Amino acid sequence: MTVARRGGLRRGGVAALEICALAALYYGSAELGLLQQLVRGQVTPLWPPTGIAVAALLLRGPRIWPGITLGALLVNLSLGPSYTALLLIVVGDTLAPLCAYVLLRRAGFRPELDRLRDAIALVFLGAFAGTLVSATTGSGTLVLTGGLNTDRFWTTWWVWWTGDAMGVLVVTPVLLVLSRARLPWHVKPSRWAEVLLLLAATACVGVVDTSSTPLLFLGFPLLIWAAFRFRLAGTAPVALAVSVFAIIAAGRGSGPFAEHGVLTDMVTLQAYNGSSALTALLVAAAVSERDKSQREIARACGHLADLVSRLSATGTQPTPPASGSHPHPGPPRGSDAGSGSRPRPGSTPGAGEERHRSRSTYRPAPPPRGTADPD
């Protein structure tokens, strides 16, 4: 009983630490996201806490949901127009990751993201569908409590929804990769050189994206390069960096975001971020599936080669049946049972008769059915 009680206390302590750590990560990432707020000081085009919450639920299970609630409460405590609005917004921020988690689990989602169906599920179920709850609840609460004008509902809803969705699309894959990260032992120097080159190219694209030159499309070659060479481990960080560069450009009003309204800029920004994240996840998943198929084919060929070598070593060779022949349950042709004559009871064939039978084992095949014997 004492051992069981100690085990329960240990599990409870670990769960409490995980909840506190999730609340701290939620609050810290929210403060970073609010640096690019666009509506009422609390709506941002990229909301990393939602991505952190979905990743935590996928990795640690639904038992840590109080950490999401605690983090959302700390973030919105100084932002909500009233305590009623604060409570409703916190409920929506908690239910959105939980809904995304339930949808992903029902779809058979695997955190490895090595299948095309996993990438599609994360995009459409985890990001686009699950975050509808928080956007609708939050925007509706602000309008009902007088914190937001009615004519700004759809602008706020769009920014809120796309911000949460982008958090799932670009932050969740990075955390899933980090959860399985290991020290890269026995890596070739050429591989390290390629990693450094990819990082330098990403930094250069970031400088160009945040300038007055509208060249956001330069991020797509980097995403494809990272997907083919480094799979999800390289694609997820590059997709996050490309999205952050685009958000900074939108906040400055530079490049393609110059001289437009908030709604137009947000549609352009989130269309770009969604396209880049979708491209990154789908290409990385497709390449991972191709690699898995090639490994399975190589394993099957290895088993076949091993079987052939064993048969050659034993001297046995499988003989395929002749075409048109069928197995016959009776005795072989030319035996006593098929010769038409039976030995008399108690008699044994002599040597000459035995030799005669062994020489006359051939019997002509009967004519085909439906043809007459020639005279």
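## Helix α6

Helix α6 of this predicted model covers residues 132-144, and its 13 residues reach 18 Å from first C-alpha to last, close to the 18 Å expected at 1.5 Å a residue. That expected span is 1.5 Å times one less than the number of residues. Helices here are DSSP runs of H or I with at least four residues, strands are runs of E with at least two, and both are numbered from the N terminus.

What is buried in α6? S134, A135, G138, S139, G140, T141 and L142 are, where buried means under 20% relative accessible area, exposed over 50%, and partly exposed in between (1.4 Å probe, protein chains only). These buried residues pack against α4 (83-106) and α7 (153-170).

## D164, over in α7

D164 sits in helix α7 and is buried, at a relative accessible area of 2%. Its side chain makes a polar contact with the side chain of S134, at 2.5 Å. A polar contact is a pair of N or O atoms within 3.5 Å; within protein, one must be able to donate a hydrogen and the other to accept it, and residues adjacent in sequence count only if both atoms are side-chain atoms.

Leaving aside residues up to four places away in sequence, D164 touches W47, T50, T131 and S134. Contact here means heavy atoms within 4.5 Å.

## A nonpolar patch

Helix α3 (residues 65-76) gives the patch its largest share, three residues. L74 has its place in α3 and is partly exposed, with a relative accessible area of 42%.

## The whole chain

Overall, the chain has twelve helices and zero strands. Buried residues make up 37% of its 375 residues. Of the contacts between residues at least 6 apart in sequence, 75% join residues at least 24 apart.

The accessible surface comes to about 21,800 Å², with 65% of that belonging to carbon and sulfur atoms. Areas come from the Shrake-Rupley method with a 1.4 Å probe, and for residues only the protein chains shown count as cover.

## Ground rules

Residues are numbered from 1 along each chain as its sequence is written, and side-chain values use heavy atoms, without hydrogens or water. As the model is predicted, local features need pLDDT of at least 70 and side-chain atom pairs count only at pLDDT 80 or more, while totals for chains, interfaces and linings use all residues.
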